[in-house]
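Welcome, and thanks for joining this tour. Open your viewer, and we will go from one selection to the next.

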Amino acid sequence: MLTIDRYLRPETLEEAYEAAQKKNSVILGGMMWLRLGNRRIGTAIDLSALGLDKVEETDDAYRIGAYATLRELETHTGLNELTDFALRGALSPIVGVQFRNLATVGGSVFGRYGFSDIITLFLALNASVELYKGGVMPLSEFCRAGMLKSKERDILTCIHIPKENTVVSYKAQRNQKTDFPVLNVCAALNGGRLSVAVGARPLRASVCLFDIAQDNESETIAERTAGSLIFASNKRASEEYRQHLCRVIVRRAVDEVFAKSADGGIRSGKPNPEVI
Amino acid sequence: MEITLTLNNKKITADVPPDTILLDFLRERGCPSVKCGCETSSCGLCTVLLDEKPVLSCSVLAVRTDGRSVTTLEGLQDEAAEFVGFIADQGAEQCGFCNPGYVMNTIALLRENPDPSDDEVRAYLAGNLCRCSGYEGQTRGIRAFLDARRAGKL
Amino acid sequence: MNRELKSVGKGVRKKDAMQLLLGKPAYLDDITPRDCLVVKVLRSPHAHAVISGINTEFAKKVPGIAAVYTWEDVPQKRFTMAGQTYPEPSPYDRLILDRRLRFVGDAVAIVAGEDERAVNRALRLIRVKYEILPPILDFRAALDNETLVHPEEDWHALCEVGADNKRNLCAKGEEQGGDISAVFADCDVVMERTFHTKAVHQAMMETFRTYTEIDHFGRLHVISSTQVVFHVRRILANALDIPKSKIHVEKPRIGGGFGAKQTVVAEVYPAFVTWKTGRAAKMIYTRKECQTAGSPRHEMEVTVKLGADRDGRIRALDVYTLSNTGAYGEHGPTTVGLSGGKSIPLYTGALEAYRFSYDVVYTNVQSSGAYRGYGATQGIFAVESTVSELAENLGVDPVAIRMKNMVREGQIMPAYQNEPASACTLDRCMLRCAESFGWDEKYPVRFTSDGKIRAAGVAMAMQGSGIAGVDVGSASVKLSEDGFYVLRIAAADMGTGCDTILAQMTAECMDCSVDDVAVFGADTDASPYDSGSYASATTYITGRAVEKACIELKEKICTLAAEMLDCPVSELIFEGRQVVRADGSASVSLADIAVKSMCGSDIALEATSSHSSPVSPPPFMAGMAEIELDPETGTVDILNYKAVVDCGTVINPNLARIQTEGGLVQAIGMALTENIQYDDRGRLSENSLLQYRIPTRLETGRLDVEFAPSYEESGPFGAKSIGEIVINTPAPAIAHAIYRATGHWYRELPILPEKIALDLLRDGKGGK
């Protein structure tokens, strides 16, 4: 049961920031998970008057406002072309259209949920987050920072996705088609650099970087990725299964990016026609 | 807190506590078609259109609809009546409790994509749970409607 | 009946379809006043505890709180919440509120207040001191455990079901036919396998809910989302310890039941509040309550011992079931019976001996109840899986082995109370299923270009049609002005369409259109007695009552017509819209007869009939699943599911098809995704639809349903039943297909991808 004493829709970020410093205040995202616990909120801060719902394209990046919904991203032509439609693949299994019309990208990223599909994808794409006070920092750093109380009070305003010539593959394993993922993987190949992000372990996603001049065997990459990450058990899957899945799915994702890559001659990876 | 919104094409003003969820607000305001099936944003029964987009009304604070438009099945009877007879012809309404949310999301689908394939229908409606019908009858009903419309039989 | 059927056999729209599809108010919370007390229950955080102290003073002081009740306030007479015919086989082991708490979620206190906010505040302010006791969470350890779930002296069982609360035993029994030991000793092959199915949930979209008020006669008026209005009346009278004459129960439209609403899960709480306070009250279960304090399927461990010849002739079946009834015994003694009673008779063909024995035990998890299939689902999963394994081990085609052993029309079924298979096309179902599914092409294991495995599995099933010698169905048919009929029933349409099906039968009998029949029900004051809608009874039992009532009504109509035409009744013919003299010399319209009955007439144009059946003719079906399995991730996708059903005459092909499809998909969920996991303190993790994963429309595969109707002489128009049987084949057929793809038999449900992937990894087949 959620109780809220006050609702505030600030006109400026500064006003929102000040309100956010108060005890028991919460910045609202899509409110998809907020209602799940028993929670008493003093001030609920709605950022919808701040124009944070836009996706803007610059010369070298996409700036995704924190209030853009998952559905807007899923259907965004530019972002999907940039990601070989991996973005759509990552988002479309999340519950349903009505859910994704509410869930905000800021809420998803700021919550730094272990099961997040979009964090895994964005990590592999070398994304950055922009905080009102904290400025721009790499998403990987933001995720590592954990739930520091001082950081909690800052406001995530947008996400930057660099426009790089990247080949992307996103894959997730679910016990049921619209359930939380048991493991998710995004492989992104940019020139000689391969980023492999693995999330839902069920720990927060982490990235492993490979230089494909040295590592160009998908199985080795998968093995090393699985070996370097920590996995755990929860009600959906065991540590052992996740570790196994990591090898399988990373290998498949890497095979796919190698196959799709313009530089495909590097590795005769088996193309995987599966579309998630 | 006082809010003004357009509910089923009528402007209304209401005083609501900040933690009232839209689902409860709508049921109190004469829109009993909006159903609650879970507390976890999982079932799709409470689907309404918020600024023309389908959303889960269980996950929206009523205060967040201030200045916006909300449409429930009560406000879309004619648009629904165009196709729901095809569902009835399959017997796929069954207990009917999930029907309003499912019909609302189908309306949203058909506005966005007037001639979807069966797989597009399934993908768009994946968030609408139904425990009675096994879903296939619902899909057949929509297919029959689309086929009839394409054949100019409506 | 030789004439062509006009209404029966037609896929007419459900009479309520358009109203429901357009979202019109129809359900409990739509049609009952908002202005009433909100009732909620404080629930135990412990699996087993005794309340040593409870302080409600702070809670009662919350503004808007009308009442807070604890175990000290309720009648101390035990009852059962199971919606069954009296005397109920389920033991009387409940109080409305008990000092002993037997599962996480058991009721500690009832709070009623003006609004939800006040009630929630009050719930938080109740101070309870718990004396925590060791819980029994493993049902295999329950029997004769030193911890007793029901140590109380006033626990009692009305029926002889082998129950003994001092042994944690809710029921025990054994039956056999033939010399089982001798036949096993003579068999070429004897297999013994053990299966485990969990307490899966009905997950109907509308949760449990009840509204109660005191009416203008001072009676307790109950509106409830229930399948069993008459049982609700009796159970509330028992629980509140008040006369049944003081209670009136009715149901509105029901948002799904599947058996869940055959148990009086929510009714006692608002009823008690209203009876004590005199004020209207409403209780709406949250989904979490539905999942944690509902009435799910009985968890069962079923051991099948099968004896056969080398050529696949099945000669002996020995089934032992351990069933977990949970904290209370609702439906415990009865569900277990179907695990053997609806599985062993499938193999009547060559069976020389059988034994079926069982224990039903109490544990400290939520009480189980009735869920579509009612024990048959669990038993059929076990027996069908064992038979498929036998076929695979012997190298016999699994379809052929079933054709060799299955029950055939006309055979006496010793393991089914010696009832005959009076109408049975199981053989046709199986052959047609194999043909249409393409068994010969799909049964061989195939590999896709991307490394996935395609395979197929098969299963067959039976159920019953009502409870033989117990269930009573009634119908009352009345002629009204203009010549339309009102059909009054107490069978409960929970979305299944029985209002429409019974109207189709009425229309057929009275030679009118379905639109000329208005249906009313269910209401304990106004409807004729009916046990309620469960046990696949309504079409078969109540349908027959409709036929009988119509015959009687026609006689009355003709009697009045004879008065009007001044001729002997024997000269009259009922022709639907009119009654005519056989020689054609005179006629009177039905409308005129109706008008006449309302002016100076002493003949009531209304007839009520009841029906009960000494037999329960089984419907039969065959099901085949084609899956695609990813050997590395363990993911199983259903590609196709083919079902051919013998439900006797199909009264409404559309509704029968949807019943089948819906049952298949529920069972696909049970087989693959719907998990139940309790932690070591007895807390259920799948306590929401977020965690408890019922199928979406993305995992059903393509469903293909056909009928192979037999004609059951004892049923209305030759009908049997369809509601439950349809949930029984997917689990064994899918498990069989998974075996084909992997070489592993999975004997516990759900079969999650992890189990498959890790097994194949250990085999060296999964990882590369």
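Is Lys171(A) buried or exposed? Select Lys171(A): this residue is buried, with a relative accessible area of 4% (buried means under 20%, exposed over 50%, partly exposed in between, with a 1.4 Å probe and protein chains only). You will find Lys171(A) in strand 9 of chain A, residues 166–174. Now show the side chain of Glu256(A), which makes a polar contact with that of Lys171(A) at 2.8 Å.

A word on the ground rules. This is a predicted model, where local features need pLDDT of at least 70 and side-chain atom pairs count only at pLDDT 80 or more, while totals for chains, interfaces and linings use all residues. Residues are numbered from 1 along each chain as written, chains are lettered from A and ligands numbered from 1 in written order, and side-chain values use heavy atoms, leaving out hydrogens and water.

Next, select chain C, which has 19 helices and 29 strands (DSSP runs, helices being H or I of at least four residues and strands E of at least two, numbered from the N terminus). Its C-alpha atoms fill a box of roughly 90 × 70 × 50 Å along the principal axes.

Within chain C, look for an open sheet of 5 strands in the order 18-19-27-28-29, with mixed pairing (strands pair if DSSP finds at least two bridges between them). Strand 18 (446–447) and strand 29 (702–707) of chain C have a single partner strand each, so one side of each lacks a neighbour in the sheet. Finish at strands 19 (453–462) and 27 (620–629) of chain C, which run antiparallel and are joined by 10 bridges. Here Ala456(C) stands opposite Glu626(C) of strand 27.

Key
Polar contact = N/O pair within 3.5 Å; in protein donor to acceptor, adjacent residues only side chain to side chain.
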